[in-house]
Amino acid sequence: MKLIYYSLTTLWHNKATTAIKVVSFALGLGICIILFTRIAYDLSYDTCLNGYENLYQLKTDYKTASNESGQIAECYGGLSGALLEELPDIVESATTVRDLGEDSFSTLDGERIHGQSLAVDSMFFATMGIEVLSGNPSLDMQQPGAIYVSSQFVNDFMHGENPVGRKLSFFDGEQEGTIKGIFKSLPSNNSLNSPDILFTLPQTRLGIWGYDRWDNQNRRMEITGNGWHSYMRLKDNDIDPKHLHRLINRVLVNHAPPTDDSSAEIFAIPIRKITLDDPNVRRLVFVMGAIALAIMLITALNYVLMSISSLSKRTKGIGVHKCCGAGDAAIGSMFFIETFVTIIIALLLMLVILFIASEPLESKIGITLNDLFSAGRAWIIVAVVAVITAIGVMIPVPIFTRIPVTSIFRRFSRNNPGWKRALLFVEIAAVALIFAWLCVTTVQYIHICNIDKGYNPDRLVMMQTNQPEGMMSHLNNLPYVEGTAISFGSPIAQYPSRTVMDDSRNPIFSSRYDMCSPNIVELAEMQLKSGSLPQRDGEALVNEEFVRQYGLRDDSPEAMSGRFTVFLQNSPVNVTGIVKDFDIGGNRIHGISEPIIMTYTNESPAWFLIKLKEPFRKNFNALNKNLAESLGNDGWFTSSVKELEDAKNAPVRNIITIYCIALAVCIIITVIGLVGFIGDDIYRRSKEIAVRKINGASSRQIIELLCRDLMMMSVPATLIGTVVAWLSLREWFMQYTIVAPYIGVWYPVSAVTVLLAVTVTAILLTRRVALENPVESLKSE
């Protein structure tokens, strides 16, 4: 107990130093724990599904005479049922799933509701391992109109009341269903996008697409990537993967044999490997892990540096303890208690800060703190605290225990501060490394979010309605509408696909497809490269990638004029113009340009693309109010294209936020460490500084003297850290074909920033002693 008392007394008597250490620890611990828990969060995808070890997702590689899809999630609708029926000794259950998106249902007793929804079959819960809280889905989901909702949905929209038996209209009011049961909500790190509501497949209008068929019409559709997601649960996951692959594709051949111009191959992938084998996830985990480890090292070394810098001030106190009988073990135990108490206080401060800033922090990083700091990840906090405590104690304790008893009677100071400079050298090198990493990757991510997409999403609104008659003229007559176009999709929401054929009706490639009015080019600010806009049925626009995949050279007469004829699934289409490539589905950042053909239509469809005047938010609200008055609450919805794009870029923006916080933390921790180092340096050299001033040295010369030694150590450390960052980021940039311009400039910029922070801190701290009366430093000698 005496050791605890002495340790707490020491912390209390050095309140300013203790407060600085607590702040440094709180910042370092906070960012380390957030990064490490985010890594654990990403690596624990789909572990929320019971029995995930036996759960597999099926992927299909579709092939035509001149095109191959690669492994994509879309499968034949009848695949799951066939596997369950024909492989009963291996497959325990299998399910077919269709992602309906967020706007697939919109009303509940007249109230508009948004949420993530899926169309599923009766085997969904048993296959996916999702806990059912009420209901009998194996029977309910075979009946038309059956709906299951998540427990979170019940809390958010029904205020905890039992929803079973309540009616829910969906598909813009076209159909109605009854809630039959409740399932346990899934955390956000799962492959199903955390659904809020599940529709039964027999009820949905998607049933006409043949989710349980293998016919040729369905097959042509699936080969363009508009299929169903299929999952299966095995009875034993120890089966040989090659044998399983042969069995599955034997079933496929029985129902969809290859033809002269097309074939397919099925791959069964463990659900956990879907995310773990994603190269983008691996790169992100590597970068975040390296940053977290470096910040943890910086935080620990910063504490060590501050502790050792206080050595000259604590020698007499330690000497007194030794005179009173304290041995090396007791001195070490006291320092361990000081370190542990400081970290615990810092941890409490970190938790208070996270609690106060939880809402803005969650909105910025895109993950709730409850999901991030789940009970299963509490070990990360313990591990980080243990490692930092070990490093913070392991280095200073041997130095403190070697202080002699004679330090009570004479001033104890080491003339060779090499150990302290080495620590600062390592810390500055690590800070330069992390700062360069964060600067360069943040600039790249910002460039990705603001890349030229080939169209302008600002002020664009997508609208769908089941009452399209007269809607075009109604919208154009509104004073805040700049223009309205017909379109069955959008660049951010993507388009359906169609097969492009040659003159002999052989498939060439799969292209995105839209039916739209010609003014969409002007509304979306696309660029017409050659030719003219289509004016009648049977005419279309294509993009540059379409021309390339069709086999036309840029200098060919067809490409130059923008006029040629193609066959779109056996129907001839006259191309009248070529638009420049634009981003479809956010793939442009990876250098992927998708072909698209936009055929002419002037019919009144269910889909419109509207461009509003400024101010957008005010006019968007006015548009929704007008539609509610004209159409009622059912049968329509609107979405801002810019907001959809922002939502798609949200993961990247979340990473930018985390990196910016880490940047600020690195600088603050470095400055705190420099305060301790420079303060001790000034304390040790106070008599030297006073003598120099008496001999005529100016304040500027004193500042240069103190800063020169620091910069001679900081410059090479910063250069080493920056070079290591450049070498380690070269592979990371290989995933991008589009790189921010002048990205290399940010390496020296980050190095100069670190050196500037070191220089400014040194000048501010040495200025006071440089201006001080030298008599004050010598009067105690």
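Visitor: Where is Tyr 742 found?

Guide: In this predicted model, Tyr 742 sits in the loop between H26 and H27.

Visitor: What is the phi of Tyr 742, and is the residue buried or exposed?

Guide: Most residues other than glycine have a negative phi. Tyr 742, which is not a glycine, has a positive phi near 55 degrees. Its relative accessible area is 70%, so Tyr 742 counts as exposed.

Visitor: Which other residue has a positive phi although it is not a glycine?

Guide: Glu 525 has a positive phi of about 55 degrees. This residue belongs to the loop between helix H19 (520-523) and strand S19 (528-531). The relative accessibility of Glu 525 is 39%, and Glu 525 is therefore classed as partly exposed.

Visitor: Which residues does a cis peptide bond join?

Guide: Most peptide bonds are trans. Here, Glu 614 and Pro 615 are joined by a cis peptide bond, with omega at about 0 degrees. Pro 615 lies in the loop between strand S24 (607-612) and helix H22 (616-631).

Visitor: At what angle do H26 and H27 pack, and how far apart are their axes?

Guide: Two packed helices are described by the angle between their axes and the distance between the axes. Helix H26 (residues 699-732) packs against helix H27 (residues 746-771) at about 160 degrees, and their axes are 9 Å apart. An angle over 145 degrees counts as roughly antiparallel, so H26 and H27 are roughly antiparallel to each other. The contact of H26 with H27 has 20 nonpolar, six polar and one charged residues. H26 passes H27 in a right-handed crossing.

Visitor: How do H2 and H12 pack, and which residues in them meet?

Guide: Helix H2 (residues 15-43) and helix H12 (residues 328-356) have axes 8 Å apart, at an angle of about 60 degrees. H2 and H12 are therefore oblique to each other. Their crossing is right-handed. Residues of H2 in the contact include Phe 25, Leu 29 and Ile 33, while those of H12 include Ile 343, Leu 347 and Met 350. By class, this contact of H2 with H12 comprises 13 nonpolar, two polar and one charged residues.

Visitor: What is the secondary structure of the protein chain, and what share of its residues is buried?

Guide: The protein chain has 28 helices and 25 strands. Of its 781 residues, 53% are buried. The chain exposes about 34,600 Å², of which carbon and sulfur atoms supply 57%.

Note on methods
Residues are numbered from 1 along each chain as its sequence is written. This is a predicted model: local features need pLDDT of at least 70, side-chain atom pairs count only at pLDDT 80 or more; totals for chains, interfaces and linings use all residues. Side-chain values use heavy atoms; hydrogens and water are left out. Axes are lines fitted to C-alpha atoms, for helices over the stretch in contact, and angles run from 0 to 180 degrees between N-to-C directions. Helices (H or I, at least four residues) and strands (E, at least two) are DSSP runs, numbered from the N terminus. Angles under 35 degrees count as roughly parallel, over 145 as roughly antiparallel, 65 to 115 as roughly perpendicular and the rest as oblique. A crossing is left-handed if the near helix is turned anticlockwise from the far one by less than a right angle, and right-handed if clockwise. Ala, Val, Leu, Ile, Met, Phe, Trp, Tyr, Cys and Pro count as nonpolar, Asp, Glu, Lys and Arg as charged, and the others, Gly among them, as polar. Buried means under 20% relative accessible area, exposed over 50%, partly exposed in between (1.4 Å probe, protein chains only). Accessible areas come from the Shrake-Rupley method with a 1.4 Å probe; for residues, only the protein chains shown count as cover. Contact means heavy atoms within 4.5 Å.
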